[in-house]
Structures are given as structure tokens and as C-alpha cells.
Amino acid sequence: MCVALALPTRAPQIVGGRAAPLLLEHEPGEKHHGHYLLLTASVRRLTFAELIWRQVSHVAATPTPGSMDESREMAWSAVRDIVGSVLHVDAVALGSPAERAGIEAGDQVISVNGHDATEAEIDTALAGARPLRLRIQRHTDVVDLELVALPPWPQPRAGGMTLRRGPISGPAPAVDTGSASGSSGGLVLALAELDLLTPGDLTGGTTVAATGELGPGGFVGPVLGYDVKVRAALDAGATAVLVPPEAADHVRSLVPPGVRVFGVQRVSEAMWDLCGFGGTSSVCGNATSPAEGSGP
């Protein structure tokens, strides 16, 4: 009898949650742990004894988990839609201000001084000898470079860059998810990638936990295991939890006062919720520019 009770059941079950801190740079060169928490569920086969004596409310059947690669693909698709068009650097003239700033062919200029990049703004600033802070995506890295006017005058067009406007492309920015797996990481990955690409801190310095599977158009789909995931988020210090809209009321019943729960249908809606929750990002329209004294 004891041996039988120790044997595992056939169906895999959700038995615990995990809030994995993402390793990322909210600003280039400034690494943070835990501003974003990737909520996942631990899955294993319960024994018959556990099924008999375990609290049933803590156990739920789980579907076949999706892959983290799928989550990354859908997250990057949603982020590209939000970022839209950027300035692609096709060439950099030798000895130009752009070359001295470290700009390379193949770079994508995401923003200039904390807002949308335009070639006209670059030319106007250089003509007036005003420095420019460029947020650039280079392969999977995001960097900030300062472009300044250099003699002789007049300045070369776009500081010596050959630019064209087009949709952001290439691989997604690097976000370390550790050993986490599954399709429920799409929502938080999209928010983290968007934060990396844009000046400022979309979390507003708070710890944000999220779970949700992404579909085409950045739509957030339901997942399972909210109870165990929320407990893990609270243990990790989350003050904001983002979930699919159909789960929001249930999750609100699980959190103490002071923890905000947002039910979001799309990545863009989650972005605006974080802006309203205290995010200081260029996507919110409130990032501080270098000219105002605190770096984008």
C-alpha cells in the first residue's frame, strides 16, 4: 500500500510557481535583477499520496507547455509593431562625427534625445553645435552614443551617416530568462524588450511580474497556474502583476492591498498601464532628456 501511494500518477500537475528575475539593462551599462519577473509554473507528476493529502486548490492540470523560442518570437513581433520605423545606418563616412561617435553601418537609431529619431533633427542639432544622445540597436545589444559636432564646418549631412527610414528589423534585444521555459513568458518578454529599446525605465523602479501567452497582433492569451504564480510573485516582492483580462478578478482576490493587478488584452495596453503606474520612459512621453540633466 505504501509503495502504491508513492507511485506517480499519469497526468502532469502544476505544483508550484516561480518568479524568475530577468537579467537586462534598463539603460545601457546599468544591469538590474528583478524589475521584471517571469512567472512560470513548476510541473511534475504527483504521487497518489499527494493527490489524497494535498490541498486540491493548489493542484491544476497543465497543457503541453510551449517553448521559450515561441514566446520570444511573438514578443519581438509585438515590440516591432509598437516601435515602428527607425533610422537604419547604411554607411558611415571616414573621419566624420558619426564615425568618431562609434556609430557603425548596420546600426538602427531608435531615438534621438529620448524621442523619435529624424534626420532633420540630427542636422539641425549639429548645425547648432548641440550634442545628441542616440539610442541604437546593434544586433542583440542596445547602446547609447553621443554625436557631437566636429570641425570643419558646415557639418556633413546627418553627421556623416547615410540613413534610410524603415521598420525596425533584425534579432530581438538580448534578455536572459535563465532556465525558464514555456509560452507564458511572452507578455513579460515583450515589456522587457520594449524597455531596453527605449530611454527611461518603463517599470518606474517597481518590481513588475507578468504572465500571458502572446498571439498575433500582441494579443495576450490565457495561461494556467495563476494561484501558484501569484504566490511566487508576492514572495519575490512584486508590486504590479499583469495577467490576461479574464484572470484579473481572480488574481486581485489573491493579492494584498498595495499590489496592483492589471488585466491586459494587448502588449500596448500593458505598456500604457505601466506608464500610468509610474513608468518614466520615452514611450510614455516623460523620459528626461540629457539637456534636462539626467540622461535619457
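Where does A129 lie? In this predicted model, the place of A129 is the loop between helix 5 (119-127) and strand 7.

A129 has a phi near 60°. That is a positive value in a residue other than glycine. With a relative accessible area of 48%, A129 is partly exposed. The cut-off for exposed is over 50%, so A129 stays in the partly exposed class.

N113 also has a positive phi, near 50°, and is likewise not a glycine. N113 sits in the loop between strand 5 and strand 6 (115-116).

Strand 7 spans residues 132-138. Is it mostly covered or mostly open? It is mostly covered, with six of its seven residues buried.

Strand 7 has a partner in strand 5 (residues 108-112). The two pair in the antiparallel sense over four bridges. In one of these contacts, V112 has L134 of strand 7 as its bridge partner.

Strand 8 (residues 141-147) also runs antiparallel to strand 7. How many bridges join strand 7 to strand 8? There are seven. I136 stands opposite V143 of strand 8. Strands 7 and 8 form a hairpin, with two residues between them. H139 is in the turn and has a positive phi of about 60°.

Two cis peptide bonds are described here, one into P152 and one into P154. The bond from P151 to P152 has omega near 10°. The bond from W153 to P154 has omega near -5°.

Where are these prolines? P152 is found in the loop between strand 8 and strand 9. P154 lies in the loop between strand 8 and strand 9 as well.

## Helix 9 and what follows it

Helix 9 covers residues 267-276. Which of its residues are buried? V267, A270, M271, L274 and C275 are. These residues cover an arc of only 145° around the axis, so they fall on the same side of helix 9.

After helix 9 comes G278. Its phi is positive, near 125°.

## The aromatic pair

A search of the whole structure finds one aromatic pair. The partners are F262 and F277. Their ring centres are 5.7 Å apart and their planes meet at 80°, so the pair is edge-to-face. The cut-off for that class is over 60 degrees.

What does the pair tie together? F262 lies in strand 15 (residues 260-263). F277 lies in the loop between helix 9 and strand 16 (280-281). The pair therefore ties together parts that are 15 residues apart in sequence.

F262 has 7% relative accessibility and counts as buried. F277 has 21% and counts as partly exposed.

Another ring has a charged neighbour. R266 lies over the face of F219, at 4.6 Å from the ring centre.

## H35 in strand 2

H35 is in strand 2 (residues 30-47). Is H35 buried or exposed? Its relative accessibility is 14%, so H35 counts as buried.

Which side chain makes a polar contact with the side chain of H35? That of T203 does, at 3.4 Å. Leaving aside neighbours within four places in sequence, H35 is in contact with H26, D201, T203, G205, T206, T207 and V208.

## S181 in its loop

S181 lies in the loop between strand 9 (161-167) and helix 6 (186-197). At 52% relative accessibility, S181 counts as exposed. The cut-off is over 50%, so this value puts S181 in the exposed class.

What does S181 touch beyond its neighbours within four places in sequence? S181 is in contact with T40 and M68. The C-alpha atoms of S181 and D69 are separated by 8.7 Å. Along the chain, S181 and D69 are 112 residues apart.

How values were computed
Residues are numbered from 1 along each chain as its sequence is written. This is a predicted model: local features need pLDDT of at least 70, side-chain atom pairs count only at pLDDT 80 or more; totals for chains, interfaces and linings use all residues. Side-chain values use heavy atoms; hydrogens and water are left out. Buried means under 20% relative accessible area, exposed over 50%, partly exposed in between (1.4 Å probe, protein chains only). The arc is that of the directions from the helix axis to the C-beta atoms. Two strands pair if DSSP finds at least two bridges between them. Rings of Phe, Tyr and Trp (its six-membered ring) pair if their centres lie within 6.5 Å; planes under 30 degrees apart count as stacked, over 60 as edge-to-face and the rest as tilted. A charge sits over a ring if NZ of Lys or CZ of Arg is within 6 Å of the ring centre and within 35 degrees of the ring normal. Contact means heavy atoms within 4.5 Å. A polar contact is a pair of N or O atoms within 3.5 Å; within protein, one must be able to donate a hydrogen and the other to accept it, and residues adjacent in sequence count only if both atoms are side-chain atoms.
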